[in-house]
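Hi,

Here is the structure I promised to pass on.

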Amino acid sequence: MSVRAPLTLAIALALCSPAVAHAAKITDVRIEGLDVSMTENVQLALSAMDSLNKDVSDRRYAYLIKQAEPEAREALEPFGYYSPVVTVEQQNSAAGTVLVIRVDKGEPTRVRESRVVIQGEGSDDFYLDQELEAFFPQVGDIFDQEIYEQSKSRITRRLAERGYFDADFLTRRVEVTRALRAADIDLSWESGNRYDMGTTTITQEPRTIIRPEILQKYIYWEEGDYYHQGRLDRLRDSLSKLDYFSGIEIEPHPEEAVDNRVPVTVKLTPAKRSVYTAGLSYGTFSGPGVRGSIEKRYLNDRGHKALADLDWARRRKTLTLQYRIPAFRWRDGWYTFSLQGFDEQTDYINNRRLTFVASRSGNITQNLSAILAMNGIRERWYFTAEDDGNPDTPIPFHYANAFYPSFSVHYTRSDDPIFPRDAFGANAELRGGVADDGDNRTTFAQVSGSARYYRGVGVNDRLITRGEFGYSRTSIEFLPPALRFYAGGDRSIRGYGWREVGPRIGTGDDKYPIGATKMLTGSVEYEHYFNKSWGMAAFVDSGSAWDDRPEWQTGVGVGLRWRSPVGPLRVDIARGLNHPDSPFQLYLNIGSDL
């Protein structure tokens, strides 16, 4: 009994005592053999990621290790890899366990057969046929589920956009044969009937500010025309550009359709009539200043607009008065009448100018707009380098008058107006007329233009190229400075001062630009972003402005980039290569310049 009692007591105590739990910890998960997107998807699928750097029980730890392999395999299926080889290795240390998951993706599963069709009235729709032809993945492609879902959603959305409101799936099936690494797609829609445009009702709440018949002119379709969401999008864009309204709600109501005609309601909320702006300014040549403007979004119920803008700096002053009337033959167009007075009293020029412009603008296509204008300029100036310093000598003023028509076009195609990665923009202007220098009269003609191209390189880089040109068919003395061409500065040739490149007047370091009859510049810039916000740039700019023979000037530099909500903030530092003693130039810009 003396031996059994302690043994019995020990067994009883062991049965009554709770089990001792041993804690384990996974400190890191490393995934090898996959690209970035696949790695991220595996990380999202792993249960071990939720317990990272947490103490877990032995049972929970064993479960996480066991599940890592099937979870990683399943995470690769959306990319078309249904038979990967996954090995899980544990690297233990005093701090915990590093989980290493090595993946051999193996051969991908490819599309063997694909049947993607639309039945019903939509089967004869040319644009829907184009969507079907653009469906991915196609036969022979890797079966990527994300691409498949995007293509399926795009066609469903396209059916609704083109007025097939009753469209629905007939079949949507994908069969994957793992052993053969093959996927068969069977996808079909029944389009139903196509709806037409019904009555469009426009209301302005809480009050009417623009005559309803004026706004009706922006509805370019007739009741009974085929329905298309693009019509409503274009109407929204047109109303937005008028800038009369702070709120624009356009809603189709297919549930209220009668005879397959969809009624549309447009609810407009008026914006404030007056817009006031004020601010401070500073320029290297103009000095400190203030700026303010008053804009009347709508002067009357016909939608006329008025603007007064004053920029008053120490050495440069500008007053602009503008009156605009909406025009409809070219939708989104304006008749514009503007008068501008300009006075500049700097170290190198004494200049006063009065400019009048009467123009007609409008959109030709979605990407192309044009402006036809009549222009008049009266300018008086002299360059301080021409002054001999004798107070008894009359100031050597020059005078020039020009009266001429002009025609300009602007083209823009962009995937993103704020931060484009695939975009092209171009401007071209042709102008010509009569000019005189106060004593003689002659005719002149000018052509000018610019182009900008943006191209994404990889995920984080952009290539930006830019070019600009100008040509005048006349002598320089007949052209007022406002109509001459200049080169140099942040939007021309960086590394040189504003208008520094080209014909200049003066001696020594006191040489100032006088403008030229010809100009050609170009730029190549490469940007690399370290994350979604910050990046760096390197660039080369070159060009010249000249009358007889060009003297090409080249500048190189680097810059800092920040993707702000209103467009890229660019801080550049550059230096000209053509003069050994050229100083470094600093430039600051914000906003898209497409």
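This is a predicted model: local features need pLDDT of at least 70, side-chain atom pairs count only at pLDDT 80 or more; totals for chains, interfaces and linings use all residues.

Let me start with a question: which strands does α7 lie across, and at about what angle does α7 run to β9? Helix α7 lies across β8, β9 and β10, and its direction is about 170 degrees to that of β9. (Angles run from 0 to 180 degrees between N-to-C directions, with axes as lines fitted to C-alpha atoms, for helices over the stretch in contact; contact means heavy atoms within 4.5 Å. Helices, H or I of at least four residues, and strands, E of at least two, are DSSP runs numbered from the N terminus.)

Residues are numbered from 1 along each chain as its sequence is written, and side-chain values use heavy atoms, with hydrogens and water left out.

Back to those strands. They form an open sheet of three, in the order β8-β10-β9, with mixed pairing (two strands pair if DSSP finds at least two bridges between them). The edges are β8 (196–204) and β9 (245–252); each has a single partner strand, so one side of each has no neighbour in the sheet. From one strand to the next, the twist averages 15 degrees. Between β9 and β10 (residues 261–270) the pairing is antiparallel, over seven bridges. If you want a spot to look at, Phe245 sits opposite Pro270 in β10.

Now the charged pairs. A salt bridge here is a side-chain nitrogen of Lys or Arg within 4 Å of a carboxyl oxygen of Asp or Glu, and by that rule there are 36 salt bridges. For accessibility, buried means under 20% relative accessible area, exposed over 50%, and partly exposed in between (1.4 Å probe, protein chains only).

Lys241 is partly exposed at 43%, and Asp237 is partly exposed at 38%.

Helix α5 (residues 145–161) has Glu161 and Arg158 three residues apart, again about one helical turn. Their side chains meet in a salt bridge at 3.5 Å, N to O. Glu161 is partly exposed at 23%, whereas Arg158 is buried at 18%.

What about a pair between strands? Arg455 and Asp422 make a salt bridge at 3.7 Å, N to O. Arg455 is in β20 (residues 441–457) and Asp422 in β19 (residues 422–436), so the pair ties together parts 33 residues apart in sequence. Arg455 is partly exposed at 40%, and Asp422 is partly exposed at 29%. There is also a network, in which salt bridges with shared partners join Arg462, Arg466, Arg494, Glu525, Glu527, Asp541, Arg561 and Asp572.

Last, have a look at Arg431, which is also in β19. Arg431 is buried, at 14% relative accessibility. Its side chain makes a polar contact with that of Gln446 at 2.6 Å (a pair of N or O atoms within 3.5 Å; within protein, one must be able to donate a hydrogen and the other to accept it, and residues adjacent in sequence count only if both atoms are side-chain atoms). Leaving out residues up to four places away in sequence, Arg431 touches Tyr404, Pro405, Ser406, Ala445, Gln446, Leu483 and Phe485.

Cheers
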